[in-house]
Amino acid sequence: MKHTTTDIQTLQTVTEYTRFYDLPAPAHPLLTLIDLGAANQQAVARGGKGIHKPVALQLYTVFLKRNLNGLLYYGHRPYDFSEGVMGFSAPGQVFAVDPSLDTTQVTGWMLVFHPDLLRKYPVGKRIGSYGFFAYAVHEALHLSEQEEVQLGRLLDNLRAECDRPIDAFSQDVLVGQVELLLTYADRFYTRQFVTRRSVEHDRDEGSVLSRFETALKDYFAQETDQPLPTVQFFADQLNVSPAYLSDLLRVLTGQNTQQHIHQALIEKAKRLLLTTSLSVNETAFQLGFEYPQYFSRLFKSKTGLSPVAFRFSAQ
């Protein structure tokens, strides 16, 4: 599903979001918690106003959706939410739903909050480190029953706070609960990675880890000059997002994608320095470096020796 920029409605504030979807006005100007079951019943009653129009949110969302019998499009890619899964979006991301979407049975919740809610708090600076805000929809979080119960209790507290009159402590309390929700999400994503660890470590043909290792090995087995590979390159090869790939590798191997690339790069550099007569500059160019000094700097940072010193030490 492709949209032109003129097709996309931009929603800048929480109030704009609730008005666009004809939802109750937010009790707090920077945050609202939506009961998706009730909201979608209202949408059905009014003929689905706005539900199929693509929107670009300048807001954060955290949501759990169940029984969505159709396709949600995120970044022009479809995902089936017929089972309950948890997802996240950061400001600037585009959402749309399939026109044939059946929302009559949808349940769940959505937390929508403006970046200004967190801006003066430490979590506002840290939120960019939560990789799941950059995951693609097909990498959504599948919750266990116990995890859903834990989040349910947290949301009950968050809803109760939203319903209280705003006072001097309101934002501190809301931010603390949002931060706790994100911490739980981080924990649950790590659990999701770890529970597949045994499968991934079996090196079965279909696992992301084994396919990454194969792609990395094949790339550096080429003997011709080639550009330096990027995290995005390998993520595209594996049909996952860069953030998801790095987080998965970090949990399974202790190293992120860039560290794996550097390790393979240095191993090939060592082989070229020891088994060929290529100069250091020629070695750098064959490895894909535009500037040889960058290669020398990286090589020394990883081995403790300059390329010339490494070659000399092996003689």
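User: What is the strand order in the open sheet of 5 strands?

Analyst: The order is β2-β9-β4-β7-β10, and the pairing is antiparallel. Before we go on, this is a predicted model, where local features need pLDDT of at least 70, side-chain atom pairs count only at pLDDT 80 or more, and totals for chains, interfaces and linings use all residues. Residues are numbered from 1 along each chain as its sequence is written, and side-chain values use heavy atoms, with hydrogens and water left out.

User: What makes β2 and β10 edge strands?

Analyst: Each of them pairs on one side only. Strands here are DSSP runs of E with at least two residues, helices are runs of H or I with at least four, and both are numbered from the N terminus.

User: How do you know that β4 pairs with β7?

Analyst: Two strands pair if DSSP finds at least two bridges between them. Strand β4 (residues 60-66) and strand β7 (residues 85-89) are joined by 5 bridges, so they count as a pair.

User: Why is α11 called roughly perpendicular to α12?

Analyst: Helix α11 (residues 280-287) and helix α12 (residues 292-303) pack at about 90°, with axes 9 Å apart. Axes are lines fitted to C-alpha atoms, for helices over the stretch in contact, and angles run from 0 to 180 degrees between N-to-C directions. Angles of 65 to 115 degrees count as roughly perpendicular, under 35 as roughly parallel, over 145 as roughly antiparallel, and the rest as oblique. That's why α11 is roughly perpendicular to α12.

User: What does the contact of α11 with α12 look like by residue class?

Analyst: It has 6 nonpolar, 3 polar and no charged residues. Nonpolar covers Ala, Val, Leu, Ile, Met, Phe, Trp, Tyr, Cys and Pro; charged is Asp, Glu, Lys and Arg; the others, Gly among them, are polar. Contact means heavy atoms within 4.5 Å, and among the residues that meet are Phe 285 in α11 and Phe 295 in α12.

User: Why is α10 roughly perpendicular to α12?

Analyst: The axes of α10 (residues 257-275) and α12 cross at roughly 100° and come within 11 Å. That angle makes α10 roughly perpendicular to α12. This contact has 7 nonpolar, 2 polar and 2 charged residues.

User: Which strand gives the most to the lining of the largest pocket?

Analyst: That's β2, with 5 residues. The lining holds 18 residues, and Pro 24, Thr 32, Leu 33, Ile 34 and Asp 35 lie nearest the pocket's centre.

Methods. On a 1 Å grid over the protein atoms alone, a cavity is a set of points where a 1.4 Å probe fits but cannot get out, and a pocket is an open set with protein on both sides within 12 Å along at least five of seven lines; lining residues have an atom within 4 Å of a point.
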